[in-house]
Amino acid sequence: MADRRQIADVVFPLGGLSETFSFTDQPPSTSRDERNMRSFDPHTGRMRGSQRAGLALHTGSSPANNFDKIADLAYVQREVNPYDWSVASTPDVLGQQTFEKVNGLSSCIDMRRDLFGSYWALCEGGEVLQINGDGYVYKRHKVSVDESTPLKARRIAVDDFGNFFVSSGQEPTHAVAQNDEAWVKCYELLEDQTYKLAWTLKPGFHVLDMAIYGADLFLWGVYYDEDHHNKTKLRLRRYVEYGFAEAPTVDTESSYDRNWESDARGFGEETTTPAVFSGGSNGWSTSGSRIYVVGELHALDNGDMLVCFSGWKLSASQHVAIWGGFGRLRPISLSAETAQHWTLSATSTRMGVGIMRGPELDDGSASIWTYGSSGSAAGVKLWKDTGTAAVSAVGDIGFGTNSTGWAIRSGDPGGGATDPGHWHTRATYDEDGVAYIPFHAQDDAGGTIATPLPGDYDGYGLLVFKVNSDETDIEEVTKYASNDLGIGTIGNRTVQVPLVYPDYQGATINLSNIAVIGGDQTDQSGKTNSCAVSEIVTAAIDDTLNLREISTIAAAGGKFYKYSTTGFTVINDPDAAAIGYETTTNYVQSATIRGQVFFADGVDYYAYDPAKNTITRMQAEGVGAVPRRCRLITAWRNRLVVARSDETPGAWHMSRSGDPYDWNPFPSVPDTSQPHSGTTSRAGQCPDSINSLVPFTDDTMWFGCDRSIWQMSGDPANDAVFDLVSDEIGMSFGNPWCKDDTGALWFFGSKGGLYTTYETQISRGRQLLRDVSQGAVRKRFQNIDLTRYYVRLAYNFIDDGVHIFVCPFGNPGTVVDHYFYDKRTQSFHVDRFGSRQTDLIQPTAVQVVDGDSPTDRAIMIGGEDGRVRRWGKDANGQIPMQDEGDGTNDKPIDSYVLIGPLAPVRDVSSAAVSEFTAILAPTHHGCDYEFFATDTPDNLGRADYQGQLHAGRNATQLPRVSGDSIYLRLRNGRADQTWAFEKANVALSYGGGIRR
């Protein structure tokens, strides 16, 4: 008798879920019911039916905040310098200039650095050199000098526009010179890049230093009286808004000119009991010896002036510092009764020659470095400045009882024993707070040193210090001899130039590895190594650092956390105080821009700074305010965008381009980068209630609304307009969208449906949308309750598909279905995480993280239980076989697929299955199988036959089932197991007539 059986392949439904056609007319390669399955094996990447990968616990067993759900996830990348910078023991000389001594040209006696990175060196003969960062002199300017006056060029200043100023200084050999002979010359930069002498100013006192603040010129100096020392006074003079047509003048009637003058005892003007210096009861009196005064002036970013001075007594062989002082003067304040803020003066406080504002200390106060004096007082000192009270000492380093320190010494060629040379300095600090301070070193120019320098410092020209780790003292880093710096033996004239130059706006030029040195005096051949550029910082690769530092942030239970594989760490504000968001709104959204993360909770906004690991309530800086109570936030065109306030659901607001803290819509000078909103932009408000913000491209932003989609085209500050994308399709609330690796947009509609711009066309200037759920799961999507759940999408770059997570507004929600759309097979799959409400592992937030390491590239999923998990792979690259709970209580994945009908459904006869052969993936586990035979296909009822399959090739099974519709279900819900389908077949035969 002939065998009437027919061997039929069992085709796995790689097309996923389809619920459109009748039960008896299921489309080929689709399933009417499946869960936790995929069309591609996550272990091999091959196309075959397989259980999905599990969720890997990322943050450890402890939840973020008492099992409150993860409301939002965010991440931000920060560039990290992988080099470990340290001060070099032997600097590299990058550039060196040697000059002939012609007509007085010799040592470099003062230097500045401008905002464009050029160094300006003033040589003793009056020549000004412009030097680039490599040490190359590319311009020379000769300062005109009146040969009839003994006062020579001693100080230089440069403004932000390339104009430069040169002033005379007090000379010890010219102490009898009249104060009226002192001068300041201004050289104006012309359009052809040449310079002309604009004017010569006669301030009436000797200039110790100059500074430029905005358009104002400040002079710090001394009014010296040779015959009556007790009439000698310090002066600070402000010239408001200098020009080039004529020399500026001081308006003594103007409150803006705030000129300051000390009494005859230095800083005694504003003190009730003026300090009496060691020179005698008359302050400046020094038993008939001439007095030489040096000092510095630094403009702070608020207009205050840091000043210092040191008085020196002249003798035949050595010139000893007898007193000194420093202070902060306030010449701009119109409200202060006095121009003075605080002052200090003494001979034992390491001060007088140089002063420098350092970086901010950990407690928020500013640091100030001073150095100078001689004898037991010589050394370097660091002060703490709170800005409101007198400074307090942090620490100091003295150079020994017998140190001559920065004493002005004799021996200048041609000047005789009474000419001490000219001592001007410029100190600086780098971005790590390391201070670079010049030192006079030894006198090798023929003069006599009464007391040699201590051996630890003899012969050194640049000293390097830093604050210790707990900011209670300072410590030495290293010191450099003159030969190390490329300038030969240091003589009486030594100058160091700033590595960083803070301007009046608070900006800095940061070039920590470059120093410019000058000041060696002429040698016997008539030449001098006057200027050199040396690299004094070296770098080594730090193998522990990545090129990028990734900070992953979670919002849970009203607090913000930084999370990692070790768990959660709460983020506080800069004062270490707790800060939290509003939980009653039940929704939090974030945006990353300009290296920071911004959160919106529908009431307020919060800003996370990854460099400081702090979070603050966001506030506008300057005029304007961040629009309150917006629930949506994103970044577009380098602007922070907020929208959807409850009062005005169609309102939108954008910050200034490049500055998320600037919300002033009416700046004094309008520009294309200024903030805009629906009330200031020509685009106007969105015509519909905004549900979602989608930064689609650089030129277009989509506003997903309740019943429509609108596209903002163009810049909001210029020609922006709203174009209608669809007046039938809207977007659900929140962040229900993502982009895939091709740039295509995917979003969940306000009426249900998964829409995309992938492989669509442009019609009449509008992007056509395609609902990929139509014909598959459209009914399911329409039945999602968007009043109880918000939908979040994420592109899965591992599985090349789109996750549709249905997240509860409440905490927690019931167990619901989530979905995955496989782009490769255009198939939908249903995911369920846990089987009971108490399992609490359902997704409530999602964030795709991209990093350098493969373990850093992951899809992070926040759960109902306050933990964060990774999709598909753990931190070690292993694929979990189940959803990991708290590390010990994992949740098995109940994965199954229903295949069928296995035979064509006929009206007059049924089919029978007598044999079943299956091959499963041999490296996985087995599964259960069940056959259903029914005459009512919409209700399968109980299984008619069931059994088990193991991994690999199975023996032929002998089921005995028959019916109108026959289905096969494969299933595995066991812990620590996974399975994949390779192929199978059944033996079909006639099963008899159908009973009516």
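This is a guided tour of a predicted model, stop by stop.

**Whole chain**

Colour by burial next: of the 996 residues, 57% count as buried. Then turn to contacts between residues at least 6 apart in sequence. Of these, 60% join residues at least 24 apart.

**Sheet β24 to β27**

Select β24 through β27. These four strands form an open sheet in the order β24-β25-β26-β27, and the pairing is antiparallel. The edges are β24 (354-360) and β27 (392-398), each of which pairs on one side only. On average, neighbouring strands here are turned by 20 degrees against each other, direction ignored.

Zoom in on β26 (residues 379-385). Six bridges join β26 to β27, and the two run antiparallel. Show the side chains of Lys381 and Asp396: Lys381 stands opposite Asp396, which belongs to β27.

**Sheet β6, β38, β39, β40**

Now select β6 together with β38, β39 and β40. This is another open sheet of four strands, ordered β6-β38-β39-β40 with antiparallel pairing. β6 (70-79) and β40 (567-570) stand at the edges; each has a single partner strand, so one side of each lacks a neighbour in the sheet. Neighbouring strands of this sheet are turned by 35 degrees against each other on average, direction ignored.

Which strand do nine bridges join to β6? The partner is β38 (residues 548-556), running antiparallel to β6. Pick Val76 and look across: its bridge partner in β38 is Ser551.

Nonpolar side chains tend to be buried together in soluble globular proteins. Select Trp652, Ile690, Leu693, Phe703, Met712 and Phe722. These residues have the most contacts inside the largest nonpolar core, which has 31 residues. Strand β50 (residues 700-705) gives the most to this core, with three residues.

Centre on Leu693. Leaving aside residues up to four places away in sequence, Leu693 touches a set that includes Leu632, Ile633, Val641, Val642, Met701, Trp702, Phe703 and Trp737. Thr634 and Asn735 are also among its contacts.

Move to Ala918, Ile966, Ala984 and Val986. They are among the 27 residues of another core, which lies apart from the 31-residue one.

**Aromatic pairs**

A pair of aromatic rings is described by the distance of the centres and the angle of the planes. The whole structure holds 33 aromatic pairs. Select Phe165 and Tyr242. Their rings form an edge-to-face pair, 5.2 Å centre to centre, with 80 degrees between the planes.

Go on to Phe833 and Trp871. Their ring centres are 6.4 Å apart and their planes meet at 80 degrees, so this pair is edge-to-face. Phe833 sits in the loop between β62 (827-831) and β63 (843-849), while Trp871 is in strand β65 (residues 868-871), 38 residues apart. Phe833 counts as buried, at 1% relative accessibility. Trp871 is buried as well, at 1%.

Next, show Trp746, Phe748, Phe781, Tyr819, Tyr821 and Phe828 together. Ring pairs link these residues into a cluster.

**Charges over rings**

Select Arg32 and Tyr967. Arg32 lies over the face of Tyr967, 5.0 Å from the ring centre. Then select Trp636 and Arg637. The charged end of Arg637 sits over the Trp636 ring, 5.6 Å from its centre.

**Backbone exceptions**

Most residues other than glycine have a negative phi, and most peptide bonds are trans.

- Gly900 and Pro901: a cis peptide bond joins them, with omega about 0 degrees. Pro901 is in the loop between β66 (895-899) and β67 (909-920).
- Asn36: its phi is positive, near 60 degrees. Asn36 lies in the loop between β2 (34-35) and β3 (37-40). Asn36 is buried, with a relative accessible area of 1%.
- Asp976: phi is positive here as well, about 60 degrees. Asp976 is in the loop between β71 (965-972) and β72 (981-993).

Note on methods
Residues are numbered from 1 along each chain as its sequence is written. This is a predicted model: local features need pLDDT of at least 70, side-chain atom pairs count only at pLDDT 80 or more; totals for chains, interfaces and linings use all residues. Side-chain values use heavy atoms; hydrogens and water are left out. Rings of Phe, Tyr and Trp (its six-membered ring) pair if their centres lie within 6.5 Å; planes under 30 degrees apart count as stacked, over 60 as edge-to-face and the rest as tilted. Buried means under 20% relative accessible area, exposed over 50%, partly exposed in between (1.4 Å probe, protein chains only). A charge sits over a ring if NZ of Lys or CZ of Arg is within 6 Å of the ring centre and within 35 degrees of the ring normal. Two strands pair if DSSP finds at least two bridges between them. Axes are lines fitted to C-alpha atoms, for helices over the stretch in contact, and angles run from 0 to 180 degrees between N-to-C directions. A nonpolar core is a set of buried Ala, Val, Leu, Ile, Met, Phe, Trp, Tyr and Cys residues joined through side-chain atoms within 4.5 Å. Contact means heavy atoms within 4.5 Å.
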